[in-house]
Amino acid sequence: MPIEDLDPEKLDARELALLVKATSTEELRELMCGSRRRAVLDTVLARMPGVFRGDRAGGTSAVVHWRIGDGPDGAVDVYEIVIDGGACALSTAPQRQPKLTLTVGAVDFLRMVTGNAHPVTLAMKGKLKTKGDLALTARFPQMFDIPRV
C-alpha cells in the first residue's frame, strides 16, 4: 500500500510499522505535512494506552507531553500522556504541568513509535529533545510495547 493511501485506523501496529519502514523520508514528510497529519497522529497516539505496560511502570505517576513538530507552517501538535496507578491515558488537550516533555519532528516520531528508530539514537543526534525528569526519560520507552520490525 502506498503511504498516500494510509488509513492508520485500518492497520494494526505491525502493519503500520512495516509500511513506515518501507516508505522514504520524503514521502513520510509529505504525509505528515498534509491534511491527514492530525488523523495519523491521533490514531497512533490513541493506541499508546493499549500498548502501555503497567507492570513495567511500577509506581510511576507522571504527566508527559509530546510536542510533535514539522507541521504545516511550522505547527506543533501537543499531546498529553498521564501515567498513574499502573494505567495510561491520552489527552489531545494538555492541561497538566508535565514532568517530562518530549519534542520531536513528525517523521522521527512516526519512526520511533513504530519501532523504526530508537529514542536514544534520536536523542544523541539531537532529533529528540527531552526536558524534565531524566530518570523518567530513561524509563519511558520501556513502559510501552513498541512493534518490532
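This is a predicted model: local features need pLDDT of at least 70, side-chain atom pairs count only at pLDDT 80 or more; totals for chains, interfaces and linings use all residues.
Which residues are buried in α1?

**Entry 1: helix α1**

I went through α1, residues 13-21, and found L16, A17, L19 and V20 buried. I then checked how they are placed around the axis: they cover an arc of only 165°, which puts them on the same side of α1. Next I looked for their partners. The buried residues of α1 pack against α2, α3 and α6.

**Entry 2: helix α2**

I moved on to α2, which runs over residues 25-32. Here I noted L28, L31 and M32 as buried. Their arc around the axis is only 90°, so they too sit on the same side of their helix, α2. I looked up what they pack against and found α1, α3 (37-46) and α6 (106-113).

**Entry 3: helix α6**

Since α6 had turned up in both lists, I gave α6 its own page. How many of the residues of α6 are buried? I counted 8 of 8, so α6 is mostly covered. The buried residues are A106, V107, D108, F109, L110, R111, M112 and V113. D108 and R111 are on that list, and both count as charged.

**Entry 4: α2 against α6**

I compared the two axes. Those of α2 and α6 come within 9 Å and cross at roughly 105°. Angles of 65 to 115 degrees count as roughly perpendicular, and α2 and α6 are therefore roughly perpendicular to each other. By class, their contact has 5 nonpolar, 1 polar and 2 charged residues. I wrote down the names as well: T25, L28, R29 and M32 in α2 meet A106, V107, L110 and R111 in α6. L28 and M32 were already in my notes as buried residues of α2.

**Entry 5: α3 against α6**

How do α3 and α6 lie, roughly parallel or roughly perpendicular to each other? I found that their axes come within 12 Å and cross at roughly 30°. Angles under 35 degrees count as roughly parallel, and α3 and α6 are therefore roughly parallel to each other. I also noted the handedness: α3 passes α6 in a left-handed crossing. On the α3 side, the residues that meet α6 are R37, V40, L41, V44 and L45. On the α6 side, they are A106, F109, L110 and V113. By class, I got 8 nonpolar, no polar and 1 charged residues for this contact.

**Entry 6: E9, ahead of α1**

I went back to the segment before α1, where E9 is found. Is E9 buried or exposed? E9 is exposed, with a relative accessible area of 64%. Leaving aside its neighbours within four places in sequence, E9 is in contact with T43 and R47. I also checked E9 against V82: they are 73 residues apart in sequence and 23 Å apart in space, C-alpha to C-alpha.

**Entry 7: the loop between β1 and β2**

My last stop was the loop between β1 (62-69) and β2 (77-84). D70 is placed there, and its phi is near 65°, a positive value in a residue other than glycine. D73 lies in this loop as well. Its phi is also positive, about 55°, although D73 is not a glycine. I looked up its exposure too: D73 is exposed, with a relative accessible area of 86%.

Methods: Residues are numbered from 1 along each chain as its sequence is written. Side-chain values use heavy atoms; hydrogens and water are left out. Buried means under 20% relative accessible area, exposed over 50%, partly exposed in between (1.4 Å probe, protein chains only). Helices (H or I, at least four residues) and strands (E, at least two) are DSSP runs, numbered from the N terminus. The arc is that of the directions from the helix axis to the C-beta atoms. Contact means heavy atoms within 4.5 Å. Axes are lines fitted to C-alpha atoms, for helices over the stretch in contact, and angles run from 0 to 180 degrees between N-to-C directions. Angles under 35 degrees count as roughly parallel, over 145 as roughly antiparallel, 65 to 115 as roughly perpendicular and the rest as oblique. A crossing is left-handed if the near helix is turned anticlockwise from the far one by less than a right angle, and right-handed if clockwise.
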